[in-house]
Amino acid sequence: MSGNPITDAVFQHTAKLSRLEIKPEESYIKDQLAQAAEYVEVLKELNTDNIIPTYQVNHKSNVLREDIVEASLSQELALSQAENTDNGYFKTTATIKK
Amino acid sequence: MTITPIIGLEVHVELKTKSKMFCGCDANHFHVEPNTHTCPVCLGLPGALPVPNKTACEWCVKLGLALGCSINEESFFERKNYFYPDLAKGYQITQLQKPFAVSGKLNIDGREIRINRAHMEEDTGKSVHVDSSTLLDFNRSGVPLVEIVSEPDLQSPEEAKKYLNKLQQIIRYIGVSDADIEKGSMRCEPTVNLKIDNFYTPLVEIKNVASLTGVMNAIQYEIDRQAKQFEIDHIEKNSTNKTTRGWDADKNQTFLQREKEGSADYRYFPEPDIPPITFTKEQVEEIKKTIPELPDQKIIKYKTLNLSDYDANLLADDSVFSSAFEKSLNNSTDPEFAKFIANLLNGPIRTNLNETQSEIDIEKINPSYFQELFSKKSELSSSAIKQIVVESYQTGIDPLEIAKTKNLFQVSDTGTLEEFAKQVIEANPKAVEDYRKNPLAIGFLVGQLMKISKGSANPQSGKEILEKLLTNGR
Amino acid sequence: MTTLNQLTLKEAKEGLKSNKFSPTELTQSCLDRIKSLDKKLNSFVTVCEEDALKQAQSADIFLPLGGIPIAVKDNFLTKDIRTTASSRLLDNYIAQYDATTITKLKNAGAIIIGKTNLDAWAHGSSTETSDYGPTLNPWNPEHLPGGSSGGSAAAIAADETIISIGSETAGSIRQPASWCGVVGFKPTYGRVSRYGVIAMKSSTDSPGPICKTVDDAADVLEIMSGGDPYDATSINEAPWKKPEIRTNLNGLKIGLPLSYFPSQTQPEVKSSILSAVETLKKLGAQIIELPDVLDPKYSIAVYTILQRSEVSSNLARFDGIRYGHDRSFFGTEAKRRIMLGTYSLSAGYYNAYYLKAQKVRTLICQDFDKQFQKVDALIGPVSPTTALKLGATEGQSMFGEIQDMLVEPSSISGLPGISIPCGFDKVGLPIGLQIITPQKREDLVYQIAKLFEDNTEYHLQKPQL
């Protein structure tokens, strides 16, 4: 981030990846990203060679479930909160490219 | 100009677990009312959390082992972040840095095709495009998938087909999936590029191939297309020009879909909701023990019994069928007996199964029946044997009983045959004359003998007796 | 005269059991209080008047929380009740299932009186960034209650409910508790199931109680806690049980990290903590100053990166297809966090930021391990200041992360911590003392906090409303 200023292109790309529309009046977010980026530079002060990252703070492992079927939601409940449904299906007119 | 195709295959296999990968919903999504097998987890409702299916993980390890992979002692899940309506959470839980299985191989006609990895992930929902809308069914969302990635070691469409057949066979053998390409429980995406002299064409990933023939055709199409394209533009492969093309089976061509997103744009990071999974050497050994003898090993074994490549391959193709063969053989090492059984199983039994659209039932296989039949084979015509074995399989009745009841035993005793032969010779003077001129004309007389004996004469013995009598000038 | 809504959990239970009043009267008293106050205070996004009274009528007072009204932070899914995470995006979302914690609380007889306000998506430390307007601090309506569980903390401070629950990712229970002068108990990560709590930062989110007394909070934590097969990160143990109380702190070593008094610390905050230190000493504890605790500034950076990265992924499911509205309904704060998260995880930055942050996280955990070799618990202020004024967060892109610097280290390390009232500043705003212990030592947290509370009277003061 530092030494890599957040260009408009990067900002647009980030918004696209986030599926967010940043309105013109919100464009100040770009500067705030840069600010936050500056702030976290402080981590460079710490030596982390040979340090294993902590992805899980309570050190668990092998939490698995048996292959048993449990009750599902009814179709009605599953669809109940959708704006658009059609004959048991969720429906969207959004054209999102994969 | 030397053109060498470089082909890699990415295969997704749907495991036939009862429940889904990260929740307890019924994993069956075939012919099920839409959105009836969903829950907060696989529907991506706010606050829901994934918990991995133990059987699915073990089966992924099992599949990896069957493909000769090493199993990572510790592995973990990661999130692959992208947006698509059928991806409920906006990310797919998959594996990247530490998959369950790595570095395996598959043997195709003596050539080793390297397998990069076999890892665990979840399937997306299904989307159907209707006019300008998309209809979504999340019954398939969260079903366990194993992704098997080969190195680009394949060199032709035929090889690709063989690889897929082999893979399918092994997967079915170990019983973790139906691996049915038409039904979608095995999906394949080839990646193709060419080496033209010392240049490499850009990589192309092909999507939407729905059958084995489709795979072959799509790969061939791409090989041809890339060769032509390179002649025109001489564009070489680099780290950013990989593309994705869709296969159109109707038009028999590929078409550009999109520029492939770089893997970093998926923003992979370790899944914080799922602790890592470890497999000790002992646990891996336990899983290894559950792997049955695989086709390759069986074929080698069968060939030591002097069975042909064809017979051996056919018998080993299906694990139940091969078990039926081995049960019938009952540890015998007699090549003749082996061939006898092979012919019957691969022939009349298989035909009968196809006609009745059934799978072979190992309970119906009785080794002693095969032995009996084998011991009396000289007294039965080959067509009689075929008839008897099918009926015995269907009914469970002793084959010799059937032969007796249906009067199928061939007459071989000299006395009876001589009687018949004498009758035939008397009734067919012209044929006898023909025989004097040409010994091959014995065939007609043998035919008459069969007729007069109502098919019960042993043709070989009958022929010998006719010849003896005729030689004696009678 | 005490009205029923002003009772603690302990008092309410005693009253119900001895038939001094009915569950309906108790619930009605809270509802009346809400009606008279909440238009101004705005603690609640949704009030469940009808349902609550119905449940009160058939309440079983012999259940552990039988007939007791509870206010639930609006990021817990409560079946058939509107759940918004204080975002317009979920304005019309009726939860389709109950969070595990909610099931446990319901099974214990608790009556959900309403869903409380929070910073939208729990992104904040003020409750000012709620899409439903800020909650006001009951002690002074020109000030903020803290966040993100500001609604729950305010509801407790204003006696709009008997008990409440919130969630903490990095300070969201302790900080509003401290700014509102109530008790906020953040348990060990994994102690309480996260299933059904709208995810913010999955690797530190910890649901927990916000209540009027230490005993109340402990009693509620007992009900909330326990392993959950639906949450793979939950601690696979039986529910936590409150231990015996201590009569003194003899033999206990309590550490005071000097780095927990940064330059911006308000003088009254410092003096209250030092006065608390004296109280603890009198109770028999040995107080040890710790000069070498890792500077909280690193925690701010770690937390900023990790939280926003996970948030960007956790909010990806909100696409408006299966529930809620589309992504254009996200507020600016949510957008900002998602953008930074996406950026931190993107090509070229993963190694420099996400991975680095996870490694520094290890250093932070190791630092605590080192400190806990010397001491049994740590204390300090929860927040460098008392409740800030409305509008304080405007233009401050890292407001929350910086405000929470004193609680981020322990959250990142999954440690349990409590905030208890320990004083007031010169304008009467509350100050909170935090007590932190190693993982799974909620017993010690409780014992120290309970003894301190029994020997002070800060918790007995109520705001003038």
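# Worked exercises on a three-chain predicted model

There are 15 helices and 17 strands in chain B, where helices (H or I, at least four residues) and strands (E, at least two) are DSSP runs numbered from the N terminus. This is a predicted model, in which local features need pLDDT of at least 70, side-chain atom pairs count only at pLDDT 80 or more, and totals for chains, interfaces and linings use all residues. Residues are numbered from 1 along each chain as its sequence is written, while chains are lettered from A and ligands numbered from 1 in the order in which they are written.

## Exercise 1: chain B as a whole

Describe the overall dimensions and burial of chain B.

Step 1. Start with the radius of gyration, taken over C-alpha atoms; the globule rule is 2.2 Å times the number of residues to the power 0.38. Chain B has 30 Å, but a compact globule of 474 residues would have a value near 23 Å.

Step 2. Now look along the principal axes: the C-alpha trace of chain B spans about 95 × 55 × 50 Å.

Step 3. Turn to burial. A residue is buried if 20 or more other C-beta atoms lie within 10 Å of its own, exposed if 12 or fewer, and partly exposed in between, with C-beta atoms placed from the backbone. In chain B, 44% of the 474 residues are buried.

## Exercise 2: chain C as a whole

Step 1. A box of roughly 60 × 55 × 45 Å, taken along the principal axes, holds the C-alpha atoms of chain C.

Step 2. Of the 465 residues in chain C, 66% are buried.

## Exercise 3: the side of chain C that touches chain A

Which helix of chain C gives the most to the side that touches chain A?

Step 1. Count the contacts, where two residues are in contact if their C-beta atoms, placed from the backbone, lie within 7 Å. Here 49 residues of chain C are in contact with 40 residues of chain A.

Step 2. At least two residues of this side come from each of helix H9 (296-314), helix H10 (332-345) and helix H11 (350-374) of chain C. H11(C) gives the most, with 11 residues.

## Exercise 4: a sheet in chain B

Find the strand order and the edges of the open sheet of 3 strands in chain B.

Step 1. The order is S5-S4-S16, with antiparallel pairing; two strands pair if DSSP finds at least two bridges between them.

Step 2. Strand S5 (91-94) and strand S16 (269-270) of chain B are the edge strands, each pairing on one side only.

Step 3. Strand S4 (residues 78-81) of chain B is joined to S5(B) by 4 bridges, and B:Glu78 stands opposite B:Thr94 in S5(B).

## Exercise 5: backbone details in loops

Is A:Asn87 buried or exposed?

Step 1. A:Asn87 sits in the loop between strand S1 (85-86) and strand S2 (89-92) of chain A. Its phi is positive, about 55 degrees, although A:Asn87 is not a glycine.

Step 2. A:Asn87 counts as exposed because it has 8 C-beta neighbours inside 10 Å.

Where is C:Ser148, and what kind of peptide bond joins it to C:Gly147?

Step 1. C:Ser148 lies in the loop between strand S3 (111-116) and helix H5 (150-157) of chain C.

Step 2. The bond joining C:Gly147 and C:Ser148 is a cis peptide bond, with omega about 10 degrees.
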